[in-house]
Amino acid sequence: MEAQTAYVIDTFFALFAFVLIIFMVPGFAMLEAGLVRTKNVTAVLMMNTMIYAIASMAFLLVGYSIAFGSFGSDSMSQWAAFLFQMAFVGKVINIMSGGVSERAKIIPLTIFAVVMSAVIYPLVVNVSWGSDILADTFLDLSMYDLAGSTVIHSTGGWALLAAILIIGARKGRYPKNGGVRVIPASNIPLVTLGGFLLWIGWFGFNGGSVGSIASKENADAVALTILNTNTAGLAGAIVSGILMYITYKKLDITMVLNGALGGLVAITAGPDLYNIYQPILIGGIGGALVVFAVPMFDKLKLDDPVGALSVHLVNGIWGTLAVGIFASSPSDGITFTGQLKGVVVVAVFAFISSYIVLFTINKLIPLKVTNDEELEGLDVNECGVEAYPEFKRAF
Amino acid sequence: MKRIEAVIKPFKLEDVKDALTEAGITGMTVSDVKGYGRQQGHSELYRGAEYVVDFLPKIKLDLVVSEEDVDKTVEIIANAAKTGKIGDGKIFVSPIERIVRIRTGEEDEEAI
């Protein structure tokens, strides 16, 4: 194909993928707004809005340069290349913020979002996809991670784990006499809408990560990637639904949607490497992991109202290792040990750096609201705007 | 004058209202309430954890009738709200001292 035509097509493709990924902004927002209680809905939506604005801005001003050195692309408009990369940064932070919903203060969490999007995440991108400051050291990563099972999902998950350890659980979630007090979701239709918006966004997230569509080979690679991405989501939903029914004799939609998302995270490391049937197994295992991980994190008293640890952290690790299991190809530098090394190096860096930054912020401005504010709800105290002022408050 | 309060299953409200209207007893105030008696709560499941919902949604009817209508009204409500299963609710009857119709200033029996 003529070079200029390919340039235009790839630019268009990157912009299209960018727009699809931005659909994940309302995706996360609706999913989280539905899973929290009505008294905390505005605060969650405010956090999502701030993340999109601030994380994207920080990535424009600082983060992109840290990750990739400078603007520039030979195969498409450099501005399209930037926008596509910028679309990811908010997702990393969203994963972290969702899991500490209903008790984290907006302003200190936003300060962490700035550090995460300007420095922590760009450094992870740097060593995985970007200019690679670790090249020629013993830490140099050979990990294959097409769209970020580790780079995005696990990185966000490790930051969330650090945040949960520092902030603690919602009030009354783990009573002194043992067990778990269930805090049910307030709006299941919103959860469903959010889950499917995320699913749609994933087609741009993974498809766009192939990088080019302007040749027969690349067009096939993009289509295979999107097919495999979708298949993994289907398998995650089916397996988590079956397991929920076998275990509890009930079909919980919030778990089935989490299972679908778990499958989508699991496929994200290598959707272009698998045949069209392997994603059924990879996504299915992803869905199963969610069903087992959600109660496991509750046993550990790690309070995660939206299941982000189970979906993003657990499946980010599984998805990255799955590349080493199903698509190992030493001649291309893809090995299980290489994948494992990537998981471990990113885990150590993301968790420790997030913990230090969050710990420091927490000393300056406490990350958790007071008991009274938590009881009354974050909407009134943090935003002054209730999400559903005409409805009776649900306690 | 007696006040009749009836706590019933929400889906029985239409039946009770229709039966009362048919018998010529008009006017009532309805509120959404939650509660339990012998029925107690039921358990639900959320994300793999079971929890008990102690208070179940019910409807409370409030109406005031003259002495001669009391037995008839109670019987109509009891029949219309009955399913025979646990959780059908209760009817309470209590005396009323005074009634005022705000628009006209009519009092007591005239204001029912």
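**Entry 1: one residue.** I found A:F18 in helix α1 of chain A, residues 3-22. Helices here are DSSP runs of H or I of at least four residues, numbered from the N terminus. This is a predicted model, in which local features need pLDDT of at least 70, side-chain atom pairs count only at pLDDT 80 or more, and totals for chains, interfaces and linings use all residues. Residues are numbered from 1 along each chain as its sequence is written, and chains are lettered from A and ligands numbered from 1 in the order in which they are written.

Is A:F18 buried or exposed? I noted it as buried, because 20 C-beta neighbours lie inside 10 Å. The cut-offs are 20 or more other C-beta atoms within 10 Å for buried, 12 or fewer for exposed, and partly exposed in between, with C-beta atoms placed from the backbone.

I then listed what A:F18 touches, leaving out residues up to four places away in sequence: A:L83, A:F84, A:A87 and A:G204. Contact means C-beta atoms, placed from the backbone, within 7 Å. A:G204 is 186 residues from A:F18 in sequence, yet their C-alpha atoms are 6.6 Å apart.

**Entry 2: the helix around it.** I checked the length of α1(A): its 20 residues should span 28 Å at 1.5 Å a residue, and the end C-alpha atoms are 29 Å apart, which agrees. The expected span is 1.5 Å times one less than the number of residues.

I listed the buried residues of α1(A) as A:D10, A:T11, A:F13, A:A14, A:A17, A:F18 and A:I21. Seen down the axis, they fall within an arc of 165°, so they line one face of the helix. The arc is taken from the directions from the helix axis to the C-beta atoms. These buried residues pack against α2 (24-35), α4 (78-99) and α7 (188-207) of chain A. On the face turned away from the buried side I found the exposed residues A:Q4 and A:T5.

**Entry 3: a helix pair.** I looked at α9(A) and α11(A) (residues 308-326), whose axes come within 7 Å and cross at roughly 35°. Axes are lines fitted to C-alpha atoms, for helices over the stretch in contact, and angles run from 0 to 180 degrees between N-to-C directions.

**Entry 4: the chain contact.** I counted 11 residues from chain A and 6 residues from chain B in the contact. On the chain A side, α9 (253-267) and α10 (278-299) each give two or more residues, and α10(A) gives the most, with 3 residues.

Conventions
Two residues are in contact if their C-beta atoms, placed from the backbone, lie within 7 Å.
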